[in-house]
Number of protein chains: 2
Amino acid sequence: MQRILSTELAHHRGAIVKIAGWVHRRRLLKSVAFLIVRDAAGFAQVVCTDPDRRAELETLSEESVVEVTGTVIANAAAPAGFELTPVTGSAAPTVRVLSSAVPLPLELHRPALTASLPTQLDHAALALRHPTRAAALRVAAAATAGFRAALEAQRFVEIHTPKVVASATESGANVFRLDWFGRPAYLAQSPQFYKQLLVGVFERVYEVGPVFRAEPHDTARHLAEFTSLDAELGFIADHRDVMAVLTSTLAGMTATVAARTGVEVPDVPAEIPAVHFAEALRIAGAPAAEPDLAPAHERAVGEWARREYGSDFVFVTGYPMRKRPFYTHPDPADPAYSNGFDLLFRGVELVTGGQRLHRYCDYVSALAAAGEPLEKYAGYLDGFRYGMPPHGGFAIGLERFVARLTGAANVREVTAFPRDLHRITP
Amino acid sequence: MQRILSTELAHHRGAIVKIAGWVHRRRLLKSVAFLIVRDAAGFAQVVCTDPDRRAELETLSEESVVEVTGTVIANAAAPAGFELTPVTGSAAPTVRVLSSAVPLPLELHRPALTASLPTQLDHAALALRHPTRAAALRVAAAATAGFRAALEAQRFVEIHTPKVVASATESGANVFRLDWFGRPAYLAQSPQFYKQLLVGVFERVYEVGPVFRAEPHDTARHLAEFTSLDAELGFIADHRDVMAVLTSTLAGMTATVAARTGVEVPDVPAEIPAVHFAEALRIAGAPAAEPDLAPAHERAVGEWARREYGSDFVFVTGYPMRKRPFYTHPDPADPAYSNGFDLLFRGVELVTGGQRLHRYCDYVSALAAAGEPLEKYAGYLDGFRYGMPPHGGFAIGLERFVARLTGAANVREVTAFPRDLHRITP
């Protein structure tokens with residue numbers, strides 16, 4: 001007999017069916033025993049009124065994997081209104097154990113996980129089975145699918161770039177060093193250089209992949225390995241073309257999350273309000289000489305955007321050049337400011353992006369100003385020596401995005417197997 | 001004026017339009033000059049009959065990035081039958097240089113790249129712009145999209161698993177070691193353990209991501225970093241359920257490649273012929289005691305499948321247990337053989353997969369037999385202690401798949417920035 005899913009019981013009313021899944025919970029009452037079976041789709045209730053079968057159900061430990069055969073009947077009190085009962089003529093549903101589980105170190109059957117986050121992370125293989133943890137990973141999958149679909153619809157080509165690089169070049173963030181057949185090498189902090197080079201091939205590219213940051217930050221929003229959703233596009237006028245693509249991409253991501261998971265998502269305006277950095281400082285009441293926005297400033301700008309535009313999102317443009325990486329394109333009208341932007345969501349930075357330099361001579365100047373030798377950047381600079389269009393892009397940290405969307409307090413709650421300063425297992 | 005693509009000229013006959021792209025080629029004849037402009041979509045021909053503009057076109061180096069404004073007229077000899085000519089009243093199309101290129105180290109304008117592979121790889125940012133190299137990367141993107149779509153349609157959930165792991169556990173292949181905040185760590189050779197654990201959450205999962213193999217093989221088909229297309233599914237009867245999912249996934253991949261790129265793809269039969277390992281040895285005329293298939297044996301089996309079934313694909317099932325990893329499920333009817341399989345394409349291994357062990361006690365026995373300590377596998381074994389269904393999966397090496405599909409002699413031809421024993425740049 002073909003197995004059906006828990007959510008399909010309603011289509012099989014009165015029929016004998018087989019379900020399969022994990023023993024989520026047993027409830028042994030005086031005259032009746034209930035088994036809640038969890039599968040990837042949801043929950044099914046199995047009822048057993050045969051007193052001789054109680055002992056068997058009692059030995060069935062939580063998280064054991066079972067197949068249950070029985071008759072589908074309506075019961076308004078059961079999940080989705082249907083349950084599995086003994087087949088007529090037999091005393092109980094047939095339960096076949098596919099594998100049994102030892103006693104659990106944390107409880108999965110309550111609506112919320114009560115175990116501490118470290119306990120959950122230590123027992124990730126188990127904790128991730130809790131519906132709230134699994135749901136967050138489904139949000140991540142939906143957001144990623146929405147990201148890809150939105151960009152594919154706009155001529156972006158998916159790329160795969162190397163995660164091992166020969167030198168630690170891109171930014172001040174610390175990098176992980178490794179041994180590559182006897183030579184030193186590093187884990188890529190981002191696909192930045194490679195996605196720019198591939199603008200020279202496909203004009204518009206995107207990548208979903210791991211990035212690595214050896215930053216010793218032990219906070220609720222830092223991971224040492226995370227999934228970066230990167231896009232880069234050529235033939236732009238300036239950073240505003242990048243912001244427009246980011247806006248439509250975000251709309252695609254939130255729409256896909258809403259459609260696939262039912263999670264309530266924020267409204268992405270067709271045009272997200274934008275404010276220049278200098279104006280953002282004024283709104284936040286910060287001194288005009290500040291080189292960056294502090295978290296309190298970002299919150300103030302977020303509140304302003306909500307008050308003035310009714311928007312959860314706001315772009316801050318024109319960050320000072322001195323705080324942005326060397327490949328950042330200056331604002332031609334005021335070169336102390338950049339064509340770089342941040343996107344704030346409810347007053348917290350969600351995405352960073354901007355226009356990049358595209359002329360070889362500008363890279364030579366920028367690296368000289370940064371005191372960096374050109375040789376270290378040879379493979380990267382090659383792309384610009386052979387003609388590159390004006391271009392720019394952005395990167396979304398998937399785990400942070402999902403944490404913001406689901407309201408998780410810690411990015412580790414929405415990451416399957418997080419990696420940080422202290423954690424490298426399981 | 002909004003830029004249009006080279007392939008859109010036909011829709012703008014008689015109109016004044018702007019195109020943009022790279023100077024692919026100049027042809028300076030006696031009375032007329034041609035400029036071939038390449039963009040992500042194709043090629044556009046620009047015609048200039050004004051003798052005063054020749055000098056300007058002569059200074060326009062190949063790969064310079066230009067915007068050209070002109071009038072669209074039909075010309076059967078031009079790419080796609082249309083070309084750009086001077087706007088009435090002006091002497092020449094308006095050419096605006098967005099960035100200029102230095103002389104090229106390899107020629108891009110011939111139908112095939114004549115530079116040696118090492119030269120191409122040294123100048124990847126440039127060589128990848130050649131239509132044949134770019135086309136291979138588009139095949140990879142299409143194959144990946146087809147992989148995802150086929151699995152999403154079958155309830156698979158996308159996952160992201162860590163690429164840095166605490167111990168080198170999975171197989172005998174050499175691993176890259178790195179320094180993780182002062183602790184030793186390793187680059188993941190595959191998402192094998194993690195995708196199995198997540199079968200415990202979602203039943204069916206897939207991942208597209210980088211894997212790392214520190215194998216010192218300097219061959220045309222080995223990369224030290226490549227993209228692995230991984231799938232794993234629970235509640236299977238045995239490996240044949242995995243083979244069925246792989247078959248439909250391959251069909252989805254080849255169909256997407258054909259639809260998006262026009263590359264000729266092999267026919268994937270609804271049921272790919274399968275032959276047991278012992279029978280495969282007989283077909284190949286190899287001694288019955290051989291523990292594995294040599295390349296010559298695989299070729300013989302491939303020829304047999306073509307002859308007997310008219311199929312480019314053939315499964316070999318039941319590989320001996322002693323040649324498969326410890327998590328391989330034995331054939332219950334003959335435990336010296338496994339429920340593992342390889343898929344051969346035209347006589348060469350394309351995919352490896354199989355059923356895995358799912359009971360904790362079986363893992364304990366298998367690791368004991370392999371002389372491995374359980375502690376090293378604690379986080380992995382946790383998943384099995386808490387109940388796992390029968391499951392299995394497969395992994396497709398993207399670069400090898402694309403090389404086979406496109407007929408590339410070397411996987412490096414279809415990889416943007418390959419990493420191997422000798423190469424870690426650009």
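**Note on the interface of chain A and chain B**

1. In this predicted model, 93 residues of chain A are in contact with 93 residues of chain B, contact meaning heavy atoms within 4.5 Å. The same surface serves both copies, since 100% of the contact residues of chain A recur in chain B.

2. The area buried between chain A and chain B is about 7400 Å², and carbon and sulfur atoms give 65% of that. Buried area is the accessible area (1.4 Å probe) that two parts lose on being put together, summed over both. Of the area that chain A buries against chain B, 11% is supplied by Phe181(A), Tyr386(A) and Ile424(A), more than any other three residues.

3. Six salt bridges are found across the interface of chain A and chain B (a side-chain nitrogen of Lys or Arg within 4 Å of a carboxyl oxygen of Asp or Glu). A salt bridge joins the side chains of Arg3(A) and Glu203(B), at 2.8 Å, N to O.

4. Residues are numbered from 1 along each chain as its sequence is written, and chains are lettered from A in the order in which they are written. Local features need pLDDT of at least 70, side-chain atom pairs count only at pLDDT 80 or more, totals for chains, interfaces and linings use all residues, and side-chain values use heavy atoms, with hydrogens and water left out.
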